Number of protein chains: 2
Amino acid sequence: MSKPLLQIALDSLTLEKAVADAKQAENVVEIIEIGTILAFAEGMKAVSTLKALHPNHIIVCDLKTTDAGAILAKMAFDAGADWLTVSAAAHPATKVACKKVADDFNAANPDLKVKKEIQIEIYGNWTFEDAKEWVELGVTQAIYHRSRDAELLGKGWMSEDLEQMKHLEEIGLELSITGGIVPEDIHLFKEIKKAKAFIAGRALVGDKGTETAMAIRTELEKYW
Amino acid sequence: MSKPLLQIALDSLTLEKAVADAKQAENVVEIIEIGTILAFAEGMKAVSTLKALHPNHIIVCDLKTTDAGAILAKMAFDAGADWLTVSAAAHPATKVACKKVADDFNAANPDLKVKKEIQIEIYGNWTFEDAKEWVELGVTQAIYHRSRDAELLGKGWMSEDLEQMKHLEEIGLELSITGGIVPEDIHLFKEIKKAKAFIAGRALVGDKGTETAMAIRTELEKYW
């Protein structure tokens, strides 16, 4: 059983802040994510810059791709993304298009240290039948989270979340888990054996960022 | 009954191509959209540059906002967007957050020629109950389309699309219609009385772009 990885989501409005935050976190995370906010603020140079600065980290580009899959996937992978998020709400053809770009990229570059992959980001009125379809398309990863806006409304993690995660795991998906992740919450997810990563953003930046990251890692050691 | 507007979606991978395409189309469209591809490629400078070049056009920023509504909406409106797209799959709290940013912006700037608005971009497993909720939130616009990837698979406009559009109109939404729009298809939508805009991208650029735009406008004159 491999231990879940720790992922920092960079969601600043400027690349300058993002590179500083990434530099501070580089020794305590395995995955660096160019969040949707940063990607829309600065464009693909955010991905290429962070890839250049952190060639040995896994780089995630959080486009929540909803349409135009082939173009957006090519753009993100060309810029240096290893993994790309695709919205659960996207048409199946969009998911197929993104998957094909990843597969073609992997076939053309057999020596890649990290294979290009897509991650289905779960939003909207999804069903477990949808999730089975993703697996049939060859997708192995999904992202489960509380909506950031729901989180702002004070909505906590619920037993329903855990049940859904377990079911998604049974269907065959490795999950990255996000939405206001703090060290004290990690134990809640201990039954999610195939948790791929925990994603945190603001918790990992600022004065207490490193301390919080280490506290999360201690919890991961404890439960996986 | 007001006539539908014509909107060009700029989905190039570079700002240089986008400004050239917009310049060519400026006299035949009322609305200029920074498409998701362009926004992710170049960031918010794509919005601010096109707004600076076309201050008298309506500027749409197609973020398909799925989360972090307050931040993304503020970013897009500050950059000069008049209208912002929000994914139907977003949590209701995200839609509320985007709407509030628009409302606050309008309240603080009573002399705006074009009010800031959000447009719900219809993707995923949506229902008419969802659409009623959007209207209850104060949303007046939605975007109806064929998925670009579905379109690439050859999926045409169907009577089911028309029925759904009519129902959405009854619920109280003005619709922008998109997905491979060509002049020959415009008559299909003549029963959509509150059609707000038709959106085309590649059809409006290149050698035949102006001719195609004029042909669409001729059809709009005929049916509305």
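**The strands and their surroundings**

Guide: Let's start in chain B, where strand β7 (residues 174–178) and strand β8 (residues 195–200) run parallel and are joined by 4 bridges. Two strands count as paired if DSSP finds at least two bridges between them; helices (H or I, at least four residues) and strands (E, at least two) are DSSP runs, numbered from the N terminus. Within this pair, B:Ile177 has B:Phe198 of β8(B) as its bridge partner. Helix α8 (residues 159–171) of chain B packs on the sheet here, touching β6 (141–145), β7 and β8 of chain B, and its direction makes about 175 degrees with that of β6(B). Contact means heavy atoms within 4.5 Å, while axes are lines fitted to C-alpha atoms, for helices over the stretch in contact, with angles from 0 to 180 degrees between N-to-C directions.

A word on the ground rules: this is a predicted model, in which local features need pLDDT of at least 70 and side-chain atom pairs count only at pLDDT 80 or more, whereas totals for chains, interfaces and linings use all residues. Residues are numbered from 1 along each chain as its sequence is written, chains are lettered from A and ligands numbered from 1 in the order in which they are written, and side-chain values use heavy atoms, with hydrogens and water left out.

Now to chain A. Its 8 strands form a closed barrel in the order β1-β2-β3-β4-β5-β6-β7-β8, with parallel pairing. Neighbouring strands of this sheet are turned against each other by 30 degrees on average, direction ignored. Strand β1 (residues 5–10) of chain A runs parallel to strand β8 (residues 195–200) of chain A, with 4 bridges between them, and A:Ile8 sits opposite A:Ala200 in β8(A).

Towards β5(A), β6(A) is joined in parallel by 3 bridges, and A:Glu121 has A:Ile143 as its bridge partner. Towards strand β7 (residues 174–178) of chain A there are 5 bridges, again parallel, with A:Gln141 opposite A:Glu174. β5(A), helix α6 (residues 128–136) of chain A and β6(A) make a right-handed β-α-β unit; right-handed means that, with the strands pointing away from the viewer, the path from the first strand over the helix to the second runs clockwise.

Elsewhere on this sheet, helix α4 (residues 69–79) of chain A lies across β3 (58–65), β4 (83–87) and β5 (117–121) of chain A, at about 155 degrees to β3(A). Helix α5 (residues 92–108) of chain A also lies across β3, β4 and β5 of chain A, running at about 155 degrees to β5(A).

Finally, the two copies. Chain A can be laid on chain B with an RMSD of 0.0 Å by a turn of 180 degrees and a shift of 0.0 Å along the axis (least squares on the C-alpha atoms of residues with pLDDT of at least 70 in both). The copies are thus related as by a two-fold rotation axis. In chain A, the C-alpha nearest that axis belongs to A:Gly43, 2.0 Å from it.
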